[in-house]
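Welcome! Let's take a friendly walk through one protein model, from its surface to its core and on to a few local details.

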Amino acid sequence: METNTCAWSGSVNHFLATADMKIVASLTRFLRQTDAPQLFAWDRSIKALKDGLADCLPEAGDCGLVLEYDYPRSGGRRPDLSRFRRTG
């Protein structure tokens with residue numbers, strides 16, 4: 001049985017091309033939270049993140065993004081967003 005360690009991952013270009021509702025669905029499945037305040041917060045955050053990342057193109061297009069990464073042995077704490085840049 002495969003266990004996901006994050007709610008969503010992909011490149012900046014992929015994130016920008018993915019419908020907001022698909023990202024929210026991934027977050028909901030991973031975190032099992034569907035209350036209205038949480039959905040509203042995700043909706044606002046995704047829109048703001050997309051706006052900010054769009055301003056960083058084309059340089060940031062192939063950078064990786066991870067939403068809600070579940071660190072092992074962290075007691076349930078996880079960063080909302082991790083960004084990675086390819087080197088080399």
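## Surface and burial

The protein chain has an accessible surface of about 6200 Å², and 52% of that surface belongs to carbon and sulfur atoms. Areas of this kind come from the Shrake-Rupley method with a 1.4 Å probe, and for residues only the protein chains shown count as cover. Of the 88 residues in the chain, 31% are buried. Here, buried means under 20% relative accessible area, exposed means over 50%, and partly exposed is in between (1.4 Å probe, protein chains only).

Keep in mind that this is a predicted model: local features need pLDDT of at least 70, side-chain atom pairs count only at pLDDT 80 or more, and totals for chains, interfaces and linings use all residues. Residues are numbered from 1 along each chain as its sequence is written, and side-chain values use heavy atoms, with hydrogens and water left out.

## The overall layout

You can find three helices and three strands in the protein chain. Starting at the N terminus, their order is β-α-α-α-β-β. These elements are DSSP runs, numbered from the N terminus: helices are H or I with at least four residues, and strands are E with at least two.

Among contacts with a separation of 6 or more, 56% are between residues 24 or more positions apart.

## The nonpolar core

In soluble globular proteins, nonpolar side chains tend to be buried together. A nonpolar core is a set of buried Ala, Val, Leu, Ile, Met, Phe, Trp, Tyr and Cys residues joined through side-chain atoms within 4.5 Å. The largest one here has 16 residues, and those with the most contacts inside it are Trp8, Phe15, Ile23, Leu27, Ile46, Leu65 and Leu67. Two or more residues each come from α1 (12-17), α2 (20-31), α3 (36-54) and β2 (64-67). With five residues, α2 gives the largest share.

## A closer look at α2

How well does the span of α2 agree with 1.5 Å a residue? Its 12 residues should span 16 Å, and its end C-alpha atoms are 16 Å apart, which agrees. The expected span is 1.5 Å times one less than the number of residues.

The buried residues of α2 include Ile23, Ser26 and Leu27, and their cover includes β1 (8-11), α1, α3 and β2. Ser26 counts as buried because its relative accessibility is 12%. Leaving out residues up to four places away in sequence, Ser26 touches Ala7 and Trp8. Leu27, with neighbours within four places left aside, is in contact with Ala7, Arg32, Trp42, Ile46, Leu67 and Glu68.

## An aromatic pair

The structure holds one aromatic pair. Trp8 and Phe15 form this pair, which is edge-to-face, at 5.4 Å centre to centre and 70 degrees between the planes. Rings of Phe, Tyr and Trp (its six-membered ring) pair if their centres lie within 6.5 Å; planes under 30 degrees apart count as stacked, over 60 as edge-to-face and the rest as tilted. Both Trp8 and Phe15 are buried.

## Backbone details

Most residues other than glycine have a negative phi, and most peptide bonds are trans. The peptide bond from Leu57 to Pro58 is cis, with omega near 5 degrees. Pro58 is in the loop between α3 and β2, and Cys56 lies in the loop between α3 and β2.

Technical notes
Contact means heavy atoms within 4.5 Å.
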